[in-house]
Amino acid sequence: MQQPTLKGYDIAIIGGDRREVFLAEELLNRGANVWLYGFLQFKLPIEQRIKQTLPKKVDIIILPLPGVLADHSIYSAYTTERIYFAELNHLLQSGVLLFCGKMPDFLRQQLQEQGLHVILASDLAELTIFNAVPTAEGVLEIAMRESQITFNNSSVLITGFGSCAQQLARISSALGAKVTVVARKQKDITAAKVLGYDALNFTELTALMSNFNFIFNTVPNLVLNKEVLLHVRKSVLLYDIASAPGGTDFAAAQELGLQARLLPGLPGKVAPLTVGKQLAEVYDYYINLHRKED
């Protein structure tokens with residue numbers, strides 16, 4: 001039975017997708033009072049235990065991992081009208097703990113000046129590590145479904161060697177693929193080699209591009225530009241899982257007749273239950289850490 005580690009906390013989850021639905025259920029199981037706003041078009045499995053409105057006052061606000069967008073709207077997959085951050089003004093009281101995937105720097109500073117405690121989920125290494133597995137599994141599932149060849153005995157290129165790239169390399173290798181990692185930092189190249197992968201730096205990449213059946217980009221900067229893509233075989237499948245706009249020149253890829261796709265937000269699409277439970281675990285830790293600091 002779940003321990004009521006959050007008993008007495010009033011938590012508003014505002015916007016999001018199925019990840020937040022499972023997060024809400026998990027927080028309920030941990031003893032919190034939960035409001036879920038922005039899900040009127042979603043049939044909640046927990047609707048009898050949850051309030052679908054904005055409360056008058058809360059201890060904690062949780063915004064989705066895509067965060068507050070450039071137009072100050074909050075990502076929500078199950079509303080017909082956008083939710084704007086200004087709708088939350090009455091909740092933004094001193095002492096409130098606010099979790100958000102990301103938001104404009106000036107807004108974060110403004111909230112902190114108002115006495116709120118802001119934690120950006122995008123800065124939490126725990127979530128980066130957790131998200132790496134469903135991201136890797138999701139993009140590989142898509143690649144295997146869309147390919148006409150097996151991963152076994154195929155040649156895979158992975159750009160970058162962060163958490164997602166490491167999981168991609170591990171699973172691809174386990175499926176029998178020959179994995180090549182390209183990275184900027186020598187320590188990442190060394191780490192990839194120690195783990196048994198071929199590894200090189202970006203200056204060596206162009207000459208080898210025609211070798212690969214699958215390309216997975218994890219670098220959020222433009223690394224697969226037209227000059228590089230000119231050397232790719234036409235049958236390659238290219239998937240970019242970096243933060244938008246990705247690290248691929250998609251216009252050049254289209255011009256060259258390559259199949260290239262940007263695949264953001266895979267954890268919420270392929271494993272929302274797992275991600276919801278992981279979010280609850282991480283948020284629970286920081287909520288209780290915040291309580292001890294106060």
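Me: How many helices and strands are there in the protein chain?
Reply: In this predicted model, the protein chain has nine helices and 13 strands.

Me: How should I read a sheet, and what is the strand order in the open sheet of five strands?
Reply: In general, strands of a sheet pair through backbone hydrogen bonds, and the pairing is either parallel or antiparallel. Here the open sheet of five strands runs in the order β2-β1-β3-β6-β7, with parallel pairing. Because β2 (33-37) and β7 (117-120) stand at the edges with a single partner strand each, one side of each is left without a neighbour in the sheet. From one strand to the next, the twist averages 15°. Within this order, β3 (residues 60-62) and β6 (residues 97-100) pair in the parallel sense over three bridges, and Leu97 of β6 is the bridge partner of Ile60.

Me: What is the order in the open sheet of six strands, and which strands stand at the edges?
Reply: That open sheet has the order β10-β9-β8-β11-β12-β13, again with parallel pairing. The edge strands are β10 (198-200) and β13 (259-262), each with a single partner strand, so one side of each has no neighbour in the sheet. Four bridges join β8 (residues 155-159) to β11 (residues 214-217), and among the residues involved, Val156 has Phe214 of β11 as its bridge partner.

Me: Where do α3 and α4 lie on the strands?
Reply: Helix α3 lies across β11, β12 (237-240) and β13, running at about 160° to β12, whereas α4 packs on the sheet by touching β8, β9 (178-182) and β11, with its direction at about 170° to that of β8.

Me: At what angle do α3 and α4 pack, and which residues make the contact?
Reply: Helix α3 (residues 125-146) and helix α4 (residues 163-174) pack at about 45°, with their axes 8 Å apart, which means that α3 is oblique to α4. The crossing is right-handed. Among the residues making the contact are Ile129, Ala132 and Val133 of α3, and Cys164, Leu168 and Ile171 of α4. The residues of this contact divide into nine nonpolar, five polar and one charged.

Definitions and conventions. Residues numbered from 1 in each chain as written. Predicted model: local features only at pLDDT ≥ 70, side-chain atom pairs only at ≥ 80, totals over all residues. Heavy atoms only, no water. Axes fitted to C-alpha atoms, helices over the stretch in contact; angles between N-to-C directions. Helix = DSSP H or I, 4+ residues; strand = E, 2+ residues; numbered from the N terminus. Parallel < 35°, antiparallel > 145°, perpendicular 65-115°, else oblique. Left-handed = near helix turned anticlockwise from the far one by under 90°. Contact = heavy atoms within 4.5 Å. Nonpolar A, V, L, I, M, F, W, Y, C, P; charged D, E, K, R; others polar. Pairing = 2+ DSSP bridges.
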